[in-house]
Amino acid sequence: MIGGGQGAFIGAVHRIAARIDGEYELVCGAFSSNAEKSQASGVLLGLPASRSYSSYQELIEKEKQLPENERVQVISIVTPNHVHFAPTKMALENGFHVVLDKPMTFSLEEAKELEKVVSASGKLFCLTHTYTGYPMVKEAKQLIKAGAIGTVRKVYVEYPQGWLSSFLEGEDNKQASWRTDPGKSGIAGAMGDIGTHAFNLAEYVTGLQVTKICADINIVVAGRKLDDDGAALLKFNNGASGVLTATQIAAGEENNVKIRVYGEKGGLEWHQSDANSLTVMYTDKPAETWRTGGGYTSSFAQHNTRTPAGHPEGYLEAFANLYRNFALTVKAGLEGKQATPEELDFPGIEEGVRGMAFIENVIASGKSDAKWTDFTI
């Protein structure tokens, strides 16, 4: 692991997710840009001092020198946005598979360069868009793919949070400080942090791609340098339209991710607050509630379900599904086998590039006087 040391937010979530299925063992790390803090974090996580490195450069260089049966195979990178590109590029170029936290890079330019690096390296790459890991999100995707609701016409996706309703970055809050800092987060705040999740969810579930965008981007809290609120009208490549909202100033909200998709024959609705349920709506009969673990669900939903029906699975399990599917794909390659479609169902470099394109397009649209702007990469 690179990043995720003492005081970090998402590193512990990645470690828990990786351990759930017993597919990974944490063997080394560079957990902080501060050498002493990195070493101390390694000790707390039970690693030997010899494999608790002072920097990501040292980790990659020294691990590469170890015998193949001892060196690390997958490097998980959980640093702030501005420290995504360099360690990922170095890890791939030195023969390691990579799991990377989103958004993929600091800029679209870096994302395009990383796409070339992944292709040239021959190594596997996973981007942790967590919400695609939920069984009923996967079920929604499969139902749409099978034509259960007909041609998609309308998409609503939203991600409201309330944790940045006040000027937290002025109170020595580490998470607020870097996420609202253009030098560390990039050109977007809420749209980069959570808007990318909403965008990815919309494209993943529908199987469509955004082609045009019309955005309203706001800085609500006085003194903030990056957007904390926004909305965008979307046009998809099949002619469907959509609405995306992402805000971090919805006081009282936690992580209330939702998506609704309507087709010519019916609709689907999923909320993270009731992640085990998928509402399936019809034009000629009452709506149904499909549940995680039901024998009627697709192979993709079943592959990503661990507990018997009626027992809740949540965020950590969804996160773990990405790690497990990536591990199974890596292992299939080591054994000279082809991974199954279910195992290959995790976000990768294409989603990463489109996520960074979303950030640049939505911010540009928000600054433009044009009603619609083309979605360009």
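**Legends to close-up views of a predicted model**

**View 1. Asp172 sits in the loop between β4 and α7 (174-179).** Helices (H or I, at least four residues) and strands (E, at least two) are DSSP runs, numbered from the N terminus. Phi of Asp172 is near 60 degrees, a positive value in a residue other than glycine. The model is predicted: local features need pLDDT of at least 70 and side-chain atom pairs count only at pLDDT 80 or more, while totals for chains, interfaces and linings use all residues. Residues are numbered from 1 along each chain as its sequence is written, and side-chain values use heavy atoms, with hydrogens and water left out.

**View 2. Residues 7-126 carry a UniProt domain annotation.** The record, an unreviewed entry, names this span "domain: Gfo/Idh/MocA-like oxidoreductase N-terminal". UniProt positions are given in the numbering used here, feature names are shortened, and annotations may be inferred rather than shown by experiment. In the model, the span is 44% helix and 8% strand, and its end C-alpha atoms lie 24 Å apart.

**View 3. Strands β1, β2 and β3 form an open sheet with parallel pairing.** Two strands pair if DSSP finds at least two bridges between them. The order across the sheet is β1-β2-β3. β1 (74-77) and β3 (125-127) are the edge strands, each pairing on one side only. From one strand to the next, the twist averages 15 degrees; angles run from 0 to 180 degrees between N-to-C directions, and axes are lines fitted to C-alpha atoms, for helices over the stretch in contact. β1 and β2 (residues 97-100) run parallel and are joined by four bridges. Ile75 stands opposite Val98 in β2.

**View 4. The peptide bond from Lys102 to Pro103 is cis.** Its omega is near -15 degrees. Pro103 belongs to the loop between β2 and α5.

**View 5. Helix α4 (residues 85-93) packs with helix α5 (residues 108-121).** Their axes come within 9 Å and cross at roughly 15 degrees. The two helices are therefore roughly parallel to each other; angles under 35 degrees count as roughly parallel, over 145 as roughly antiparallel, 65 to 115 as roughly perpendicular and the rest as oblique. α4 passes α5 in a left-handed crossing. A crossing is left-handed if the near helix is turned anticlockwise from the far one by less than a right angle, and right-handed if clockwise. On the α4 side, Phe85, Thr88, Lys89, Leu92 and Glu93 are in contact (heavy atoms within 4.5 Å). They meet Glu110, Glu113, Leu114, Val117, Val118 and Ser121 of α5. By class, the contact of α4 with α5 has five nonpolar, two polar and four charged residues. Ala, Val, Leu, Ile, Met, Phe, Trp, Tyr, Cys and Pro count as nonpolar, Asp, Glu, Lys and Arg as charged, and the others, Gly among them, as polar.

**View 6. Residues 138-269 carry another UniProt domain annotation.** The unreviewed entry gives the name "domain: GFO/IDH/MocA-like oxidoreductase". In the model, this span is 27% helix and 33% strand, with its end C-alpha atoms 12 Å apart.

**View 7. Nine strands form an open sheet with mixed pairing.** Their order is β11-β10-β9-β8-β4-β7-β6-β5-β12. β11 (288-291) and β12 (373-374) stand at the edges with a single partner strand each, so one side of each is left without a neighbour in the sheet. Helix α6 (residues 135-145) lies across β4 (152-160), β8, β9, β10 (277-282) and β11, running at about 25 degrees to β10. Helix α12 (residues 349-367) packs on the sheet and touches β5 (210-218), β6 (229-236), β7 (241-247) and β12. The direction of α12 makes about 55 degrees with that of β5.

**View 8. Hairpins join β8 to β9 and β9 to β10.** β8 (residues 258-263) and β9 (residues 266-271) pair in the antiparallel sense over five bridges. Two residues link β8 to β9. Val261 stands opposite Leu268 in β9, and Ile259 opposite Trp270 in β9. β9 and β10 also run antiparallel, joined by four bridges, and five residues lie between them. Gly267 has Met281 in β10 as its bridge partner.

**View 9. Helix α6 packs against helix α9 (residues 190-206).** The angle is about 45 degrees and the axes are 7 Å apart. α6 and α9 are therefore oblique to each other. Val137, Lys138, Ala140, Lys141 and Ile144 in α6 meet Leu201, Tyr204, Val205 and Thr206 in α9. The residues of this contact of α6 with α9 divide into six nonpolar, one polar and two charged.
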